[in-house]
Amino acid sequence: MISQQHTVTGGRVTVTGLDRYEGRAVDVVVKLHRAAMSSPQLKYWWAVPVAILAEHCGYDRDEMHVAIKYKFLRTVDQNGLEVVPSIRSLDTAAMARLIDDVRRWALTDLGVDVPAPNEVPLEQMELMYND
């Protein structure tokens, strides 16, 4: 499978590098591009809100991660089943909203002030992330 980002110009897209599919039927899917969650967001997620709230609540990081996802990302599908997506499926904007929601909840409901991403130096996040 080939996944590439292209820009539509004049209603057309030019794709190269498809020589191996010459003469074969292929399926083409077009969807709007979503910016994937960034590596700094992921490092911040595990190193700051998840770690701080895990310590506060008495969970390990994995348990806290699952609990937060369940609280904030849970939806009910057409079969009535509760579904909790992976945070890796979030784009940068959705991840930023999740972080804001978690920080607000931590402060108002738990009395825990979780530093904002711009309040924690990247080097410190990397140390906390690898801890």
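Read along the sequence, the chain follows the pattern α-α-β-β-α-α, and its secondary structure accordingly comes to 4 helices and 2 strands. The model is a predicted one, and what follows describes that model. Of the 131 residues in the chain, 26% count as buried, while the chain exposes about 9,600 Å², of which carbon and sulfur atoms supply 51%. Among the contacts in the chain with a separation of 6 or more, residues 24 or more positions apart account for 55%.

Two packed helices are described by the angle between their axes and the distance between the axes. For α1 and helix α2 (residues 61–73), the axes come within 8 Å and cross at roughly 100°, and α1 and α2 are therefore roughly perpendicular to each other. On the α1 side, the contact is made by Trp45, Trp46, Val50, Ala51, Leu53, Ala54 and Cys57, whereas α2 contributes Arg61, Asp62, Met64, His65 and Ile68.

The charged side chains come next, and the structure holds 2 salt bridges. In one of them, the side chains of Glu82 and Arg74 meet with an N to O distance of 4.0 Å. Glu82 counts as partly exposed because its relative accessibility is 47%, and Arg74 likewise counts as partly exposed, at 36% relative accessibility.

Arg104 forms a salt bridge with Asp101, and here the closest N and O atoms are 3.1 Å apart. How are these two residues placed along helix α3 (residues 92–110)? Arg104 and Asp101 both lie in that helix and are 3 residues apart, which is about one turn of the helix. Arg104 has a relative accessibility of 49% and so counts as partly exposed, and Asp101, with a relative accessible area of 31%, is partly exposed as well.

Note on methods: Residues numbered from 1 in each chain as written. Predicted model: local features only at pLDDT ≥ 70, side-chain atom pairs only at ≥ 80, totals over all residues. Heavy atoms only, no water. Axes fitted to C-alpha atoms, helices over the stretch in contact; angles between N-to-C directions. Parallel < 35°, antiparallel > 145°, perpendicular 65-115°, else oblique. Contact = heavy atoms within 4.5 Å. Buried < 20%, exposed > 50% of the residue type's maximum accessible area, 1.4 Å probe, protein only. Areas by Shrake-Rupley, 256 points an atom, 1.4 Å probe, with all protein chains shown as cover.
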